[in-house]
Amino acid sequence: MSLNGWLQIALFIALILLLAKPMGSYMTRVFERRRTWLDPVLVPCERLLYRLTGVVPTEEMRWTQYALTMLIFSAATLVLTYVVERLQLLLPLNPQHLAAVAPDLALNTAISFTTNTNWQAYTPETTMSYLTQMLGLATHNFWSAAVGLALAIAFIRGIARREMKTLGNFWVDLTRGTLWILLPISVVFALALVSQGVIQNLNPYTTATLVEPQHITTTGADGKPITTTVTTQTIAQGPVASQEAIKMLGTNGGGFFNANSAHPFENPTPLTNFLQLLSIFLIPAGLTATLGQMVGSPRHGWAILAAMTLLWFVGVFTCYWAESQPNPLLHNIDQQHSLTQPGGNMEGKEVRFGIASSALFATVTTDASCGAVNSMHDSFTPLGGMVPLVNILLGEIVFGGVGAGLYGMLVFVVISVFIAGLMVGRTPEYLGKKVESYDVQMAMLYLLIFPLLILGFAAVTVLMPNLGLSSLANHGPHGLSEILYAYASATGNNGSAFMGLNANTHWYNYSLGIAMFVGRFMMIIPMLALAGNLAGKKIVPETAGTFPVTTPLFTILLTSVIVIVGALTFFPALSLGPILEHLLLHAGNTF
Amino acid sequence: MKKTIITATLYTLITAILLGIGYPLAITGLAHIFFPKQADGELITRNGAVIGSHLIGQSFTGTTYFHSRPSAAGTGYDAGSSSGSNLAPTSKSLIDRTTASTVTEQTGTAPVPVDLVTASASGLDPDITPAAALYQIPRIARERHLSEPALTALVAAHTTPRQFGLLGEPRVNVLDLNLALDNLPTH
């Protein structure tokens, strides 16, 4: 660990905390339909869109209608992506003549992008045409993020409203989130990325003549070595910057290239890396301020942001420390930090990012449900790699995905308030609303679906040598980590991976597809039911016995509840994966 | 229900054209007006032919060049198939591979800088650390009959410091360094 590394990390969190309030205030204005400076351009667009699609913007929706509309819209977008993937050979903007995507992979990918997961079981540069990337995938980066935002706003309305049956209009929330928030920031961000070297073109792949031709020796089918001479390099091109901007801002994370944000064309400089980091947390941090403003208790928003920051810090500290450690199995290799190198565990990391920026990125991308990577988590040290895994297993509520992080966190808030109520022996209240058995049931349903999917699927996979285990790249406890990470990432809609696992098989494509689908939509339903129920409640006046949700005590309670729920659920699985691997690594074992 | 399905379908199609066609094409247009070189990948041409990109690494394994890092992209630095090795720290393949690389790279008794024997995340890392570049100077000086101070100066001239003195890590672009090396007068 170095002073410079910590300065970068400190600057990052300082900027996020500074941006939270202005960003949150802007989002409050957007969703409360108050005036903003973009109105002269966007209001006519908004009205035109409603007229063309038959949306009545003044119509209010109950939670059931809000959920149903969201599901139907998601289904329509899923179908579009599946069709584009299957027909890409017949469609324009396919200079490499890439074939139609196989049905299981196309379905997995369509679910993956619809659910804001962006799990990628394919190598994009050899699988997806430019049109598929633009029309089939980048569109989902907007839609799924806007859906997440809309759901978070609906949940906030559920808390803020009193004795009402409705949560707002899904189409209006979706449209305003897209036009006022995601699109304008993406345009500016994309151009900033291009200025630093992120590519943006529709050219065919470039063939470059190598400066030094390479002689590659491989083993042929007959077991004899074959030497081939490679004289050229194929350089993949594409409309990257436009997709990169919304991929980060919408916490989607699906890379234009296989190497994701490690690829020099996606993330060429330390500055692009820093901007990408900021864009992951920008909206989730802002939403805590939006929450505080819309429910009339700004300090409640700050208390939640404080809990998030605390959990973020523990993650980044552990990851940065672990990745700075030398691998004890390597000899004659200088792994010490010095003025001319960062040292540490450099396998799967880029020199321009080193250890600090890689560890920060891994922590941030999994705190949020982003899943973009600038280093390969599979090659992290056991404890360093456990940080992203644990972040996902906690439910991606540390800042969290766009919208999804906040509503996930609010479910934990309800549970925390309930536990506080039990401790003092009175009916728990949350911002003036009694938390009753139906509310706790819905919150617990939300919390239980998650581990059930992850641990259930991982257990089944581990028991199937031909389907599950044959895809592993690493063996021993690390193999279990690969499987656990895959189902955690899919269910949590993260999308990052221990990428050694070959997930492009029928078993993984379908089972991970189900995990992503259920992990998104089946968790949204109890969440909206809870919101709908809260909206209908009366406000009870605050008394001396009310547990305040604006104090450091609340922040500590909330953090503890998150950690205890996570630890009770997942510690046994983690002890057989990364923790065992850590012990075996230092005992000198290899697999 | 039926009305919602119609609205959802229309909404999907209209916003797909806006966000999936209009937005990326607008950015492509603006990028080519303001940053044409960057938008096309900062390609390097020599005598009219493309010989690489400033941003994308290439394999250098000969004794007369600064070596780049090992790569897991295709057969090495295949920029049509980016990838890391994804090997775990306890992987026997990883230990065997780095041990073999260490034997190749080591000059004298000093240990080899770690980035020179580990594969990058993308398999296309254009850079090595200043430590890895300085480490290779004695070999290159010997093979090319150049003086070590001249090479140290060359490496220093091609070392990119942290951005704004703060972000990222100091680094040396291997392709740029080797192209400059080919242009150095021998004595």
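Ile333(A) has Val112(B) of S3(B) as its bridge partner. This bridge belongs to a parallel pairing between strand S5 (residues 333-334) of chain A and strand S3 (residues 112-113) of chain B, which are joined over 2 bridges. The model is predicted.

The contact between the chains draws on 106 residues of chain A and 96 residues of chain B. On the side of chain A that touches chain B, strand S3 (residues 206-219) of chain A supplies the largest share, 8 residues. By class, that side of chain A consists of 52 nonpolar, 45 polar and 9 charged residues.

Chain A contains 17 helices and 7 strands. Its radius of gyration is 24 Å, close to the 25 Å that the globule rule gives for 591 residues, so chain A is as compact as a globular protein of that length. The C-alpha trace of chain A spans about 80 × 60 × 50 Å along its principal axes. Of the 591 residues of chain A, 60% count as buried. Among contacts in chain A between residues at least 6 apart in sequence, those joining residues at least 24 apart make up 79%.

The domain assignment divides chain A into domain 1, covering 3-202 + 238-586, and domain 2, covering 206-235. The C-alpha centres of domain 1 of chain A and domain 2 of chain A are 40 Å apart.

Helix H8 (residues 240-249) of chain A has 10 of its 10 residues buried, so this helix is largely enclosed by the rest of the structure. Its buried residues include the charged-type names Glu244(A) and Lys247(A), and also Val240(A), Ile246(A), Met248(A) and Leu249(A). The packing partners of the buried residues of H8(A) in chain A are helix H6 (130-160), helix H7 (170-196) and helix H9 (270-294). Helix H1 (2-34) of chain B also packs against the buried residues of H8(A). Just after H8(A), Thr251(A) adopts a positive phi of about 45 degrees.

In chain B, the domain assignment gives domain 1 (2-39) and domain 2 (43-183). Their centres, taken over C-alpha atoms, are separated by 39 Å.

Strand S1 (residues 43-46) and strand S2 (residues 49-53) of chain B run antiparallel and are joined by 4 bridges. Within this pair, Ile44(B) has Gly52(B) in S2(B) as its bridge partner. S1(B) and S2(B) form a hairpin with 2 residues between them, and Asn47(B) in the turn has a positive phi of about 50 degrees.

An open sheet of 3 strands is also found in chain B, with the order S4-S6-S5 and antiparallel pairing. Its edge strands, S4 (127-128) and S5 (159-160) of chain B, each pair on one side only. S5(B) is joined by 2 bridges to strand S6 (residues 171-173) of chain B, and the two run antiparallel. Thr159(B) stands opposite Val172(B) in S6(B). Helix H7 (residues 174-183) of chain B lies across S4 and S6 of chain B and runs at about 60 degrees to S6(B).

Terms used. Residues are numbered from 1 along each chain as its sequence is written. Chains are lettered from A and ligands numbered from 1 in the order in which they are written. This is a predicted model: local features need pLDDT of at least 70, side-chain atom pairs count only at pLDDT 80 or more; totals for chains, interfaces and linings use all residues. The radius of gyration is taken over C-alpha atoms; the globule rule is 2.2 Å times the number of residues to the power 0.38. A residue is buried if 20 or more other C-beta atoms lie within 10 Å of its own, exposed if 12 or fewer, and partly exposed in between; C-beta atoms are placed from the backbone. Two residues are in contact if their C-beta atoms, placed from the backbone, lie within 7 Å. Two strands pair if DSSP finds at least two bridges between them. Axes are lines fitted to C-alpha atoms, for helices over the stretch in contact, and angles run from 0 to 180 degrees between N-to-C directions. Domain bounds come from an automatic or database domain assignment.
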